Amino acid sequence: MSKRHRLPAAAPALAANAPPAEAAIGTLAGDVLRGLNATPRQLSSKYFYDARGSRLFERIMRLPAYYPTRVEARLLRRHARALLGALVPTAAPVELLELGSGDGRKTLALCRDWLKAGTSLSYRPMDISAQALERLGQRVARQLPALSVQPLCGDYFQTWPLPQARRHQVALFLGSNLGNFTDAEAHRFLRRVRAHLRAGDSLLLGLDLRKDPRTVLAAYDDPEGVTAAFNLNLLRRLNRELGMDFDLDGFRHYASYCPLQGVARSFLVSQRAQTVNSRVLGQSFPFGPGEVIYTEQSQKYERAGVDAMAVACGFAVHAWFEDPELPYALVACRAQA
Ligand SMILES: C[S@@+](CC[C@H](N)C(=O)[O-])C[C@H]1O[C@@H](n2cnc3c(N)ncnc32)[C@H](O)[C@@H]1O
């Protein structure tokens with residue numbers, strides 16, 4: 001990573017494979033303790049993204065069945081100029097703040113187009129995965145060296161960069177990440193984003209929409225087993241970082257989709273009666289055969305619900321770009337006074 005792309009020291013940057021910082025252990029330990037003592041047991045999907053998890057997610061994005069990445073990339077390419085018009089009302093310089101950017105692959109196509117249109121653009125990708133940001137920095141250096149990039153490694157629920165003066169802020173939340181939140185969490189997240197923007201600033205959401213349940217389910221249950229490896233990697237991470245002794249062969253990935261609620265869910269299912277111990281947490285967790293750990297939800301949206309949620313959180317939907325082949329939308333929102 002070039003000097004220009006170095007991660008800021010203020011954020012809790014975790015280098016790939018480095019021992020986690022004290023603060024990060026505290027958060028992970030507290031969340032895991034709460035989650036494994038809850039009914040049903042659950043683990044936050046934000047812990048998927050250690051070095052190995054980030055690499056596995058990059059493989060998921062290339063899977064034929066995982067349509068969200070492909071469709072969203074197509075929409076960003078097709079509507080890049082119209083998005084500029086919808087998100088940036090004046091010729092002001094733009095600060096593009098991407099929340100949970102991952103490797104930023106899709107966003108670079110948008111940046112390239114906006115630079116071509118003469119936009120003065122500053123890109124601030126933010127992610128808890130230092131490894132994903134490292135890759136993003138390398139990608140920018142290779143593909144778009146003219147772009148000014150300031151990556152920030154941190155949790156968007158805990159830290160936020162100060163907006164640059166005199167730049168119109170555009171926050172991006174792509175990959176249908178919003179769908180990983182429950183309804184209440186999604187509202188809390190959007191209100192937090194609104195509180196950090198100025199009236200008139202913009203937010204672009206990439207949201208997966210309801211569609212044939214078989215298409216949705218296939219995206220979370222690929223025959224190649226990459227999603228299963230991604231899900232199980234969470235246990236590997238807890239073994240390493242919390243001194244746990246999960247037997248990775250003792251749990252299996254299971255995905256479901258409920259078309260009534262529009263929610264895809266991922267679980268890890270205990271294959272037998274077993275007890276898992278943690279040195280760091282000082283607790284043992286007995287599992288029965290078939291007992292699940294709920295690891296991720298992916299909400300599929302409908303337009304009316306999105307409009308209502310935006311308004312409830314201080315935004316108005318300004319433009320809606322939907323894929324004609326597979327229901328998926330880019331939703332341009334404006335922060336209201
Ligand atoms: C599903 S991936 C999507 C990546 C990218 N937005 C895309 O559309 O391809 C989710 C990304 O959000 C990051 N992430 C998850 N929870 C986060 C949090 N609380 N704060 C910051 N980043 C987070 C993960 O590290 C991961 O890179």
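The chain is divided by its domain assignment, which comes from an automatic or database source, into domain 1 (22–50 + 213–299) and domain 2 (60–212 + 301–335). This is a predicted model, in which local features need pLDDT of at least 70 and side-chain atom pairs count only at pLDDT 80 or more, while totals for chains, interfaces and linings use all residues. Residues are numbered from 1 along each chain as its sequence is written, and side-chain values use heavy atoms, with hydrogens and water left out.

The C-alpha centres of domain 1 and domain 2 are 27 Å apart, and the contact between them, meaning heavy atoms within 4.5 Å, draws on 25 residues from domain 1 and 21 residues from domain 2. Together the domains bury about 1900 Å², of which 51% is on carbon and sulfur atoms; buried area here is the accessible area (1.4 Å probe) that two parts lose on being put together, summed over both. On the side of domain 1, Thr215, Gln297 and Gln299 lose the most area to domain 2, and together they make up 29% of what that side buries. Two salt bridges are counted between the domains, a salt bridge being a side-chain nitrogen of Lys or Arg within 4 Å of a carboxyl oxygen of Asp or Glu. The side chains of Asp212 and Arg214 also meet in a salt bridge, at 3.2 Å from N to O.

The structure also holds one cavity of 30 Å³ or more. A cavity is a set of points on a 1 Å grid over the protein atoms alone where a 1.4 Å probe fits but cannot get out, and its lining residues have an atom within 4 Å of a point. The largest cavity contains about 40 Å³ of space, a volume being the space filled by probe spheres set on the points, which are joined across faces, edges and corners. Its lining consists of Leu190, Leu203, Leu205, Val306, Met309, Ala310, Phe315 and Cys333. Helix 10 gives the most to this lining, with three residues, and strand 7 (202–208) and helix 10 (303–312) each supply at least two; helices (H or I, at least four residues) and strands (E, at least two) are DSSP runs, numbered from the N terminus.

Two backbone details remain. Ser176, in the loop between strand 6 (168–173) and helix 7 (183–196), has phi near 55 degrees, a positive value in a residue other than glycine.

Definitions and conventions:
1 Å grid on protein atoms, 1.4 Å probe; cavity = no way out; pocket = protein on both sides within 12 Å on 5 of 7 lines; lining within 4 Å.
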